[in-house]
Amino acid sequence: MSKLSRRKLITTGLAATGGVLGLGVAARLAQKHGLIPPDHGGIYGLGETLTYASQRLLTRHSLAREFSRSMISKPPFVNELAPPTDTFKRLQAGGFADWRLAVNGMVARPASFSLDQLRSYPSRSQITMVQCEEGWSYIAEWIGVPLSQILQAVEVHPQARYVVYFSIEPDWWESIDMADALHPQTFLTYGMNGGELPVGNGGPLRLRVPRQLGYKSVKYISHMTVTDSLKGFGKGLGSASPEGGYAWYAGI
């Protein structure tokens, strides 16, 4: 059976079991094919599972819409931020020359990248929309390096399932699965609208995940961990706990 026909069969099965036999049966089918999100427990867990499994099967390789340059928002929106920490202020005063992105976990070659090292990779750009869960949005050109290139450089283990990424701001982190981590539009972004990425928009380094809501595009990225489990990481904005945060999968 071809991959396409098998995917259609699984997707049809998920939809049918969700509508006829209940979400519990659909969740078991999703589990059989390894499509259970970290927040599958709790009152909303079955719905989250069905949403995640269906979108992964139907849109795993789809692209977020890209816009023409004439549609870039003017001026670009900057949402509210807490005052930067003393560490951030010190790095900013030095032009972020000492900024580092550490990458560790389930990789063969843990590394620490400076901004200049990240800029040495072939740059890419995209004009995509940030869509916030609070209802606002804006369009901007994002310039950076695909996360997939950095993960290739550190040689991710085949058993890895997630990338957890941390802001330099305290207690601010998120995670994505390997499908989104390796997606061609998932960028480590250091530029915006032809210039450097402004601090208000996440500079000097922000992860852009345009296929998910804005809270997945964490600002001021300084550390990434590749892992096969999210247990023990606590609560991010998209917490695996039903009592905290937004949904882990925020696909749009």
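1. Accessible areas here come from the Shrake-Rupley method with a 1.4 Å probe, and for residues only the protein chains shown count as cover. On that basis, the accessible surface of the chain comes to about 12,500 Å², with 55% of it belonging to carbon and sulfur atoms. Before you read on, please note that this is a predicted model: local features need pLDDT of at least 70, side-chain atom pairs count only at pLDDT 80 or more, and totals for chains, interfaces and linings use all residues. Residues are numbered from 1 along each chain as its sequence is written, and side-chain values use heavy atoms, with hydrogens and water left out.

2. Now for the overall make-up. The chain has seven helices and ten strands; helices (H or I, at least four residues) and strands (E, at least two) are DSSP runs, numbered from the N terminus. Of its 252 residues, 45% count as buried, where buried means under 20% relative accessible area, exposed over 50%, and partly exposed in between (1.4 Å probe, protein chains only). Taking contact as heavy atoms within 4.5 Å, 66% of the contacts between residues at least 6 apart in sequence join residues at least 24 apart.

3. Phe 166 has His 223 as its bridge partner in strand 10.

4. Gln 149 is a residue of helix 6. Gln 149 is partly exposed, with a relative accessible area of 22%. Leaving aside neighbours within four places in sequence, Gln 149 is in contact with Tyr 121 and Pro 122.

5. Strand 4 pairs with strand 3 (residues 124–131) in the antiparallel sense over eight bridges, and the bridge partner of Gln 131 in strand 4 is Ser 137. The hairpin of strand 3 and strand 4 has five residues between the strands, and there Gly 135 takes a positive phi near 110 degrees. Strand 4 also pairs in the antiparallel sense with strand 7 (residues 187–192), over five bridges, and Val 145 stands opposite Leu 188 in strand 7.

6. How many aromatic pairs are there? Rings of Phe, Tyr and Trp (its six-membered ring) pair if their centres lie within 6.5 Å; planes under 30 degrees apart count as stacked, over 60 as edge-to-face and the rest as tilted. By this rule the count is 13. Trp 136 and Tyr 138 have ring centres 6.2 Å apart and planes at 15 degrees, so the pair is stacked. Trp 136 is partly exposed at 21% relative accessible area, while Tyr 138 is buried at 4%. For Phe 166 and Trp 173, the centres are 6.0 Å apart and the planes at 35 degrees, so this pair is tilted; both residues are buried. Ring pairs also link Phe 88, Phe 96, Trp 99, Trp 172 and Tyr 220 into a cluster.

7. Arg 119 lies over the face of Tyr 190, at 5.6 Å from the ring centre, and Arg 208 over that of Trp 142, at 4.9 Å.

8. Lastly, have a look at Asn 201, in the loop between strand 8 (195–196) and strand 9 (206–208). Asn 201 is buried, with a relative accessible area of 2%. Not counting residues up to four places away in sequence, Asn 201 touches Phe 77, Val 78, Tyr 138, Trp 142, Met 192, Arg 206 and Lys 219.

Notes. Lys NZ or Arg CZ within 6 Å of the ring centre and 35° of its normal. Pairing = 2+ DSSP bridges.
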